[in-house]
Amino acid sequence: QASAVPAHRDEDARVGWWGRLFGERRDEALPLYNAVVTRGRAEHWYVEGAVPDTVDGRFDAIAAVLAMVLLRLETEPQAAALSAHLTERFVDDMDGQLRQMGIGDITVGKHIGKMMSMLGGRLGAYRDGLAAGDLTP
């Protein structure tokens with residue numbers, strides 16, 4: 001008896017399931033992540049905003065933009081997977097940046113944990129500020 005589902009769709013579903021099981025990251029978040037980084041590297045942060053053009057300053061600017069995007073995605077229930085993939089992209093990017101700076105395998109995880117904690121702090125502060133209607137520094 002023939003299946004009502006075309007064979008290629010059934011195989012795509014199995015491959016997708018297998019990939020999700022083993023952490024395959026979809027590229028759906030890449031354009032959005034690239035846009036976040038582009039916004040975070042915009043000149044106004046460093047000129048008018050006086051953000052230092054250092055590793056820490058660039059992290060701060062990118063994390064600020066990313067936090068606002070993640071808060072926006074929280075308002076869309078169907079965007080949960082995109083939000084998770086976007087965060088994974090951020091972690092992968094920061095991991096690569098740390099390794100390029102010469103941070104070793106033993107301490108990269110600690111640095112990433114600290115960065116994620118700082119991002120989480122921004123999310124909480126921005127969420128509270130937005131809820132209160134107070135966007136002043």
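Keep in mind that the model is predicted. The largest nonpolar core has 22 residues, and H4 gives the most to it, with nine. A search of the whole structure turns up one aromatic pair.

**The core**

- Leu 66, Leu 70, Leu 86, Phe 90, Met 94 and Leu 119 are the residues with the most contacts inside the largest nonpolar core.
- Four helices each supply at least two residues of this core: H2 (30-40), H4, H5 (80-100) and H6 (105-132).
- In soluble globular proteins, nonpolar side chains tend to be buried together.
- Take Leu 119 as an example: setting aside neighbours within four places in sequence, Leu 119 touches Ala 63, Leu 66, Ala 67, Leu 70 and Phe 90.

**H4 against H6**

- The axes of H4 and H6 come within 9 Å and cross at roughly 55 degrees, so the two helices are oblique to each other.
- The crossing of H4 past H6 is right-handed.
- On the H4 side, the residues making the contact include Phe 59, Ala 63, Leu 66, Ala 67 and Leu 70.
- On the H6 side, they include Met 115, Leu 119, Arg 122, Leu 123 and Tyr 126.

**H5 against H6**

- Here the axes come within 10 Å and cross at roughly 135 degrees, which makes H5 oblique to H6.
- This crossing of H5 and H6 is right-handed.
- From H5, the residues that meet H6 include Thr 87, Phe 90, Val 91 and Met 94.
- Among their partners in H6 are Val 108, His 111, Ile 112, Met 115 and Leu 119.

**A loop residue to look at**

- Ala 50 lies in the loop between helix H3 (43-46) and helix H4 (55-74).
- Phi of Ala 50 is near 60 degrees, which is a positive value in a residue other than glycine.
- Most residues other than glycine have a negative phi.
- Ala 50 is exposed, with a relative accessible area of 59%.

Conventions
Residues numbered from 1 in each chain as written. Predicted model: local features only at pLDDT ≥ 70, side-chain atom pairs only at ≥ 80, totals over all residues. Heavy atoms only, no water. Buried < 20%, exposed > 50% of the residue type's maximum accessible area, 1.4 Å probe, protein only. Core = buried A, V, L, I, M, F, W, Y, C linked by side-chain atoms within 4.5 Å. Contact = heavy atoms within 4.5 Å. Phe/Tyr/Trp six-rings, centres within 6.5 Å; stacked < 30°, edge-to-face > 60°. Axes fitted to C-alpha atoms, helices over the stretch in contact; angles between N-to-C directions. Parallel < 35°, antiparallel > 145°, perpendicular 65-115°, else oblique. Left-handed = near helix turned anticlockwise from the far one by under 90°.
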